[in-house]
Amino acid sequence: MDKQAAALAAQLGQLLLARGETVATAESCTGGMIAAALTDIAGSSAWFGYGLVSYSNEAKQDLLGVGAATLAEHGAVSEAVVRQMAAGARKRAAADWAVAVSGIAGPGGGSPAKPVGMVWLALAGPDGLSQAFVCHFDGDRAAVRQQTVLTALDRLLRLIEGCVLSA
């Protein structure tokens with residue numbers, strides 16, 4: 001794991017531990033790299049329990065409850081699908097937070113509408129909180145996947161930092 005990912009994962013773990021909260025991951029194009037970054041942190045079992053790799057559409061449906069109609073209408077690399085992936089991971093893990101990613105890491109598989117380097121990310125949290133955003137990363141397959149990990153960890157950290165604990 002690179003230093004930046006390690007630092008973000010450590011910060012995230014400290015924050016979750018201090019809040020008594022947990023996180024789950026649902027990953028497609030990163031194949032478990034976000035979960036690996038989190039589990040590289042000693043003691044992460046206190047705040048991380050589920051990392052679901054759902055590379056195929058069938059896995060997205062079976063593991064995360066993504067609707068077949070959603071996949072058919074929008075495709076795996078879409079806002080609708082990553083929102084369902086994040087919600088499904090959060091529910092399956094009974095976690096406070098979840099992050100989901102689905103994208104086209106390349107070198108093939110891109111199209112004019114969904115080019116190589118396009119990645120959708122979603123975050124799910126308490127009280128139905130849901131955010132999704134699209135990124136367009138440059139570089140080869142490894143670079144796209146690494147940028148996805150860093151962005152996912154950073155966005156999740158910033159979201160949780162901005163959420164006030166309930167009294």
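Contact here means heavy atoms within 4.5 Å, while axes are lines fitted to C-alpha atoms, for helices over the stretch in contact, with angles from 0 to 180 degrees between N-to-C directions. Helices (H or I, at least four residues) and strands (E, at least two) are DSSP runs numbered from the N terminus. The model is predicted, so that local features need pLDDT of at least 70 and side-chain atom pairs count only at pLDDT 80 or more, whereas totals for chains, interfaces and linings use all residues. Residues are numbered from 1 along each chain as its sequence is written, and side-chain values use heavy atoms, without hydrogens or water.

Select the sheet to begin: five strands form an open sheet in the order β2-β1-β3-β4-β5, with mixed pairing, where two strands pair if DSSP finds at least two bridges between them. Its edge strands are β2 (48-53) and β5 (130-136), each pairing on one side only.

Next, select β1 (residues 23-27) and β3 (residues 97-103), which run parallel and are joined by five bridges; in β3, V101 is the bridge partner of E27.

Helix α5 (residues 79-93) lies across β1, β2, β3, β4 (118-124) and β5, at about 145° to β3.

Finally, turn to the loops. Between β3 and β4 lies P107, joined to G106 by a cis peptide bond with omega of about 5°. In the loop between β4 and β5 is D127, which has a positive phi of about 55° although it is not a glycine.
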